Amino acid sequence: MNVIKLKDRQELDRKTPSMPWYIEKFINYKLPDLSPSSLLEYVRDYETFLSWMLAEGLAAGPSMRDVQLEELEKLHMDSIDQFKMFLATRREHANSRTTISRKLSSLRSLFHYLSQIAEDEEFYPLLKRNVMAKVSIKRANKPKDTAAKLEGKLLQEREIDEFIRYIHEDYGSDAAANKQAMYSYMLNRIRDTCIVSLILNSGLRVSEIVNMNTDDLDMKKKLLYVFRKGKNDDTFKTPVYFRQEAMHDLQLYLSQRESQYKAPKREKALFLAIANGRSEGSRMTKRAIQEMVIKYAKRFGKPYLSVHKLRHSFATDYYLRNDLYKTQEQLGHASPETTQIYAHLTDRTMAEAIDRQKRDD
């Protein structure tokens, strides 16, 4: 099992006993088909909903585990509307439309299972009335809408090379006045350049970068072997190509990985960090990579950049040179519909390129 899935499975096992028995039953029903990461999201969504029910007096409690099936059956549509309003307007961690739709979908899956699949000892449904069957969940984002939101927030053409070069060479000038920032930069410059270069030349997700081991890398074939998101098969890694442009950065990092990060032989992670108070390097975390990209992006003058936008930047550039299905395969999308984002993005990118060419001429 990959590193992130292993941690999520441990967290799932920790959280599930705090849920009512019927939710435990649902999680066990779904366990063979969904990844621990997906199921953990379900449980977090149920925590939010059950806590809200208790706070609103819709369940007697005293804890989430004590919320009864009968209390779910008595929920009105007004209650669901109030829950949606709570998600959209709460002071801390207000949710986007996409997140609200996902949380409602989690509830609908649970209520469907309880009312249509699970049975009591008399062969009757566990849930006699399903209020979530009345709830319509609008599709949060169409590819065209997502593309519109990303416009102007990605690296275009030569900016890809400029951002990689900035991390490798120019950030030091901007951070020279800060001794702590400079120390960290000089220690991790080669590694950070390699990670960003790899994402911008392969389109890998941050989870795929984190999970990668040294033996997942085939330099001769320019291949990486990764656990793809959404695939619950932990015995198979998908081969993903990276472009020639990443080769030098990978070679440079690999030449200093052991000496720079004091990597013990048992540590197989490709990308390492030395935590405070530790003498040996260990696998970088997802958060560390995300924060690293944001740090450089702000100094580069593009504070809206994130790891995922670097992936989008690669995908837009890749789609200009390939077709929809090659792009889908490279990115590991389950559906070509997701990849259609880049069809809309590249229309605008090509128009901007033509305008620039006219000005240059």
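Me: Hi! Which residues touch the most other members of the largest nonpolar core?
Reply: Those are F163, V196, L198, I209, F271, I289 and L310, in a core of 48 residues. This model is predicted, by the way.

Me: What does V196 touch?
Reply: Leaving out residues up to four places away in sequence, V196 touches F163, I164, I167, M292, V293 and L310.

Me: And what lies apart from that core?
Reply: Another core does, of 36 residues, including Y42, L126, L127 and V131.

Me: Back to α8 and α9. Are they roughly parallel or antiparallel to each other, and why?
Reply: Their axes cross at roughly 165° and come within 8 Å. Angles over 145 degrees count as roughly antiparallel, so that is what α8 and α9 are. Their crossing is left-handed.

Me: Which residues meet there?
Reply: Among them are F163, I164 and I167 in α8, and Y185, I190 and V196 in α9. The contact divides into 12 nonpolar, four polar and four charged residues.

Me: New topic: is Q116 buried or exposed?
Reply: Q116 counts as exposed, because its relative accessibility is 58% and the cut-off is over 50%. Q116 sits in helix α6, which covers residues 97-117.

Me: How far apart are Q116 and K128?
Reply: They are 12 residues apart in sequence, and 9.3 Å apart in space from C-alpha to C-alpha.

Methods. Residues numbered from 1 in each chain as written. Predicted model: local features only at pLDDT ≥ 70, side-chain atom pairs only at ≥ 80, totals over all residues. Heavy atoms only, no water. Helix = DSSP H or I, 4+ residues; strand = E, 2+ residues; numbered from the N terminus. Buried < 20%, exposed > 50% of the residue type's maximum accessible area, 1.4 Å probe, protein only. Core = buried A, V, L, I, M, F, W, Y, C linked by side-chain atoms within 4.5 Å. Contact = heavy atoms within 4.5 Å. Axes fitted to C-alpha atoms, helices over the stretch in contact; angles between N-to-C directions. Parallel < 35°, antiparallel > 145°, perpendicular 65-115°, else oblique. Left-handed = near helix turned anticlockwise from the far one by under 90°. Nonpolar A, V, L, I, M, F, W, Y, C, P; charged D, E, K, R; others polar.
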